Amino acid sequence: LLTIDIGNTQSLLAAFWGRSSRFVRRLPSDRNMDAAACAARMRTLLAEEGAAPQAWRERCLSSVVPSLTQVAVQAAEALTRPPFRVLGRDLDPGLPTGTMTPNLGMDRLVDCVAALARWRPPLAVFDMGTATTLSVVDGGIFRGGMILPGLRLSVDALKCPGCPTPLHYFY
């Protein structure tokens, strides 16, 4: 399985053989990148891992950045044989959301599905990226959660001009 996870700050290209991770590579989520530049970056990352782009039987993408979704799909399909399936558009992540909004980010749903594959509910699932998210799953249904500033945003909010360290208030 070859996967792409597009986040607000970083995108991840990862490959799995069964349940084992073969590699995970990170690159900046560049909203100014076109499909050709994106394909070139992916080709380089795959080559560095010694991975043939067309070797993957399954390919899927999850994104919380709509402006990058189609760019990444076009880039990935230029490297691998189509189709590159998109969670939410082509694939249902398989987690009922009850009465929750249909606009819930795929990143949170994928986190919960992965947690359910490993542990039994009820679960509190944290993802600490650009934002820190808490998602609650009970009875196999997404029940809700919170989105909070991520660690870097929180530390940056404590900075003041001319201060020796961002957390000088705590010393």
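**Entry 1: the R25 pairs**

I began with E48 and R25, whose side chains meet in a salt bridge with N to O at 2.5 Å. My cut-off for a salt bridge is a side-chain nitrogen of Lys or Arg within 4 Å of a carboxyl oxygen of Asp or Glu. E48 sits in helix α1 (residues 35–48) and R25 in strand β3 (residues 20–28), so this pair ties together parts that are 23 residues apart in sequence. Helices (H or I, at least four residues) and strands (E, at least two) are DSSP runs, numbered from the N terminus.

A reminder to myself: this is a predicted model, in which local features need pLDDT of at least 70 and side-chain atom pairs count only at pLDDT 80 or more, while totals for chains, interfaces and linings use all residues. Residues are numbered from 1 along each chain as its sequence is written, and side-chain values use heavy atoms, with hydrogens and water left out.

Next I checked E49, and its side chain also meets R25 in a salt bridge, at 3.2 Å from N to O. This pair links distant parts of the chain, with E49 in the loop between α1 and β4 (59–63) and R25 in strand β3, 24 residues apart. I noted R25, E48 and E49 as a network of salt bridges.

The classes are buried under 20% relative accessible area, exposed over 50% and partly exposed in between (1.4 Å probe, protein chains only).

**Entry 2: another charged pair**

I counted 3 salt bridges in the structure. One of them joins R85 and E58, with the closest N and O atoms 2.6 Å apart. R85 is in strand β5 (residues 85–86) and E58 in the loop between α1 and β4, 27 residues apart. R85 is partly exposed at 31%, and E58 is partly exposed at 39%.

**Entry 3: a cis bond**

I found that the peptide bond from P121 to P122 is cis, with omega near 10 degrees. P122 lies in the loop between α3 (106–118) and β6 (123–128).

**Entry 4: the cavity**

How many cavities of 30 Å³ or more does a search of the whole structure find? It finds 1. A cavity here is a set of points on a 1 Å grid over the protein atoms alone where a 1.4 Å probe fits but cannot get out, and lining residues have an atom within 4 Å of a point. The largest cavity holds about 120 Å³ of space, taken as the space filled by probe spheres set on points joined across faces, edges and corners. Its lining has 14 residues, with I6, S11, M33, C38 and A72 nearest the centre. The elements giving two or more residues to that lining are β1 (2–6), β2 (10–17), β3, α1 and α2 (66–79).

**Entry 5: the cores**

I then looked up the largest nonpolar core, which has 27 residues; among those with the most contacts inside it are L2, I4, F23 and L61. Such a core is a set of buried Ala, Val, Leu, Ile, Met, Phe, Trp, Tyr and Cys residues joined through side-chain atoms within 4.5 Å. The largest share of this core, 7 residues, comes from α2. Apart from it lies another core of 11 residues, including L95 and L123.

Conventions: 1 Å grid on protein atoms, 1.4 Å probe; cavity = no way out; pocket = protein on both sides within 12 Å on 5 of 7 lines; lining within 4 Å.
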